[in-house]
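Please read the following points with the backbone in view.

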Amino acid sequence: MNTPQQQLAKDWRSFERDHVWHPYAHMPGSLPALPVASAQGVRLTLEDGRQLIDGMASWWAVIHGYNHPVLNQALRDQLERMAHVMFGGLTHHSATELAALLVELTPEPLEHVFFCDSGSVSVEVAIKMALQFWQARGETDRRRLLTVRGGYHGDTFGAMSVCDPVTGMHHLFKGMLPEQLFGPRPDCITEADWSEHCIAEFKALLEQHHQEIAAVILEPLVQGAGGMRFYCATYLRRVRSLCSEYGVLLILDEIATGFGRTGSLFACQQADVVPDIMCLGKALTGGYMSLAATLTTREVARTISRAGPFMHGPTFMGNPLACAVARASIRLLLGSPWPQRIKHIESRLRNGLELCRGMSGVQDVRVLGAIGVVEFAESVDMAWIQPRLVERGVWLRPFGRLLYTMPPFVIGDEDLDRVTQAMTDVVAENANGR
Ligand SMILES: *Cc1c(COP(=O)(O)O)cnc(C)c1O
């Protein structure tokens, strides 16, 4: 019997497949994971020397590209001072300066920042804020959340409870998951599709249940991992006004949309909507480290605090390295012509993916900001499609019926065209019966 070290030395690939779990994967792994040796700009270099253009920005986070000198330097500077220090009773400038930036950039009156390690946890924090808010007000019946189908908010239990019940596999966790209220998926993709009818069922749920609802939680304008669907600003505006009307808090999960992805710094700004609680993550550190933040208003924070402390406090809260690189990443973004760049990527994606429309097997093609989506009529076979993309020098990670790209904002025209060309090629190959 070999020791793990010996197995690793003998055949590290099979060791990795047999022992290291990947996201949403079997154990042992069924599809091989590609080993990455290094990454630079928008390119991943594999161990065998092949290079792939990253059309995923490592799950939408690496907006400035890999190995960026400014971000590297920010980390080095922080590292020389300290890599970490506990946040209970201690503090540091990297956290306070990042907080100041976030308070300045997010819409008023969001002004209090809670740092944590991942997007899912920032959603848990948001839910706890809403629950403690009503607890403090003595309205202890308000313990449920209202959302819409087709959402994704993370993989921890509270977050999972507001994910789409079907794609979020609620049946697996029945009995452990809080039962939330679900309106239909917003079906008004553009303003032209909007009518009051789009929100009728959601409104009816609020009307009927508002006395037991603590908060509404939504991804603004784009439902990401739940299906890459877009919906119009008017819908979001109506949700905001209904929440106000029924005295329910609004949580907006900007983890996927924050920091420019949809063309505005935060998606809610396109609808002129301000949430009571906002979650940020993913691109917050330019994809360098895991960090997330939950912001809220003075009213929510003060109300909670009148009754007692807010009950959350992760070990690595406000990690200095993560805060330092987040601050550098945001400054880098603000110092770049990002609105023009996103517009440019948007129009190039539109042109590049248009050919897919009407191909056999394709249900829809849609683009918003730096998000380009081809939706198939049926689920895509990962084992078939992924190698074909890699052959074409492109890294994408399709899921369900979706082939999509959310590239780094710094991607050049030629590289972006290679991404859309690779997408078009595999869609065509699929249409021709493989
Ligand atoms: C990715 C994502 C999350 C979860 O973030 P993690 O960092 O993976 O925990 C939550 N909400 C949205 C909208 C996301 O896109």
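Helices (H or I, at least four residues) and strands (E, at least two) are DSSP runs, numbered from the N terminus. This is a predicted model, in which local features need pLDDT of at least 70 and side-chain atom pairs count only at pLDDT 80 or more, while totals for chains, interfaces and linings use all residues. Residues are numbered from 1 along each chain as its sequence is written, and side-chain values use heavy atoms, with hydrogens and water left out.

1. Please look at the bond that joins M27 to P28, which is a cis peptide bond with omega near -5°. P28 belongs to the loop that runs between α2 (12–19) and β1 (36–40).

2. A cis peptide bond also leads from E108 to P109, and here omega is near 5°. P109 is placed in the loop between α5 (93–105) and β4 (110–116).

3. W59 sits in helix α3, which covers residues 57–60, and it is partly exposed, with a relative accessible area of 40%. In this wording, buried means under 20% relative accessible area, exposed means over 50%, and partly exposed lies in between (1.4 Å probe, protein chains only).

4. Where does K282 lie? K282 is in the loop between β11 (277–280) and β12 (292–297), and its phi is near 35°, a positive value in a residue other than glycine. With a relative accessible area of 29%, K282 is partly exposed.
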